Amino acid sequence: MTLPDTKQRLLDAAERLFADEGFHNTSLRAITGRANVNLAAVNYHFGSKEALLDAVIERRLSPLNAVRRENLEAVRGKARDAGRRPKTEETLRAFVEPTLRFRESGPGAEAFITLLGRILAEPDASLRELFIRRIKPLFLLLFQILRESLPQLDERTLFWRLQFILGAMGHTMCWAGRFGELPEELPAPGVTTETLVRMLLDFLTAGLEAPCATANE
């Protein structure tokens with residue numbers, strides 16, 4: 001078994017088991033057993049179980065973040081070249097569209113989405129820190145460009161509206177493809193990803209651009 005193959009097997013096995021069982025409920029023996037590698041391989045390639053989780057996050061998030069950063073910088077550059085502010089919808093699209101399309105990026109993508117949901121709900125803050133550290137630079141860039149788009153909003157309001165956006169986007173990512181689990185009395189919501197992106201952007205843009213009723217509180 002080649003070295004890259006061993007690392008890949010460990011990452012695939014850890015991603016699946018962390019998503020299904022949770023980080024703390026998954027033993028290194030279970031991971032190496034699923035990967036069909038020696039128990040010592042985790043320490044050899046990653047150093048610790050926590051470092052393995054960090055590598056699982058990095059493997060999926062870094063390419064996605066690179067696309068979102070490139071999109072956001074293109075929106076900002078286009079606006080500056082035209083001598084105008086970035087538009088809210090185009091800024092949100094630069095971030096939201098690749099995020100929603102991530103589910104279609106290949107094997108393991110759905111497990112990674114489930115894993116992120118678990119990490120963000122974890123009582124153990126150290127696990128969330130692994131994710132926050134990797135998303136922080138991109139989040140700050142998105143926040144800065146939205147400040148340019150919406151100078152009428154104070155920072156506090158923009159911060160909270162961005163939290164609402166991330167919540168709606170995370171819920172959509174987690175539930176896309178699972179709406180068949182909802183009560184049959186509800187209308188069947190099967191839509192393409194393209195339609196889902198458009199509907200979510202309409203909703204988020206309207207919320208972000210809404211008048212601020214709490215500006216003076």
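User: Let's start with the charged side chains. Which residues are linked in a network of salt bridges here?

Analyst: Glu89, Arg93, Glu97, Arg101 and Glu104 make up that network. Keep in mind that this is a predicted model. The general idea goes like this: side chains of opposite charge can pair when their charged atoms come close. Take Arg93 as the case to look at. Its closest N and O atoms to Glu89 are 3.2 Å apart, and for the salt bridge with Glu97 the figure is 3.3 Å.

User: Where do Arg93 and Glu89 lie?

Analyst: Both are in helix H5, residues 88-101, spaced four residues apart, or about one turn of the helix. Arg93 and Glu97 are also four residues apart in H5, so about one helical turn separates them.

User: How many salt bridges does the count come to?

Analyst: The count is 17. One of these salt bridges joins the side chains of Asp54 and Arg134, at 3.1 Å from N to O. Asp54 belongs to helix H4 and Arg134 to helix H7 (residues 125-149), so this pair ties together parts 80 residues apart in sequence.

User: Is Asp54 buried or exposed?

Analyst: Buried: its relative accessibility is 15%, and the cut-off for buried is under 20%.

User: You mentioned H4. How many residues does helix H4 have, and what does it reach from its first C-alpha to its last?

Analyst: H4 runs over residues 49-82, which is 34 residues, and it reaches 49 Å, close to the 50 Å expected at 1.5 Å a residue. Check the axis as well as the span: there is a kink of about 35 degrees at Leu61, shortly before the proline Pro63. After H4 comes Gly83, with a positive phi near 70 degrees.

User: Which residues line the largest cavity?

Analyst: Phe18, Gly22, Phe23, Leu53, Leu115, Arg118, Ile119 and Glu122 do. Sorted by class, that lining has five nonpolar, one polar and two charged residues. Helix H6, residues 109-121, gives the most to the lining, with three residues.

Notes
Residues numbered from 1 in each chain as written. Heavy atoms only, no water. 1 Å grid on protein atoms, 1.4 Å probe; cavity = no way out; pocket = protein on both sides within 12 Å on 5 of 7 lines; lining within 4 Å. Helix = DSSP H or I, 4+ residues; strand = E, 2+ residues; numbered from the N terminus. Nonpolar A, V, L, I, M, F, W, Y, C, P; charged D, E, K, R; others polar. Expected span 1.5 Å × (residues − 1). Bend = angle between axes of the 7 residues up to and from the residue. Salt bridge = Lys/Arg side-chain N within 4 Å of Asp/Glu carboxyl O. Buried < 20%, exposed > 50% of the residue type's maximum accessible area, 1.4 Å probe, protein only.
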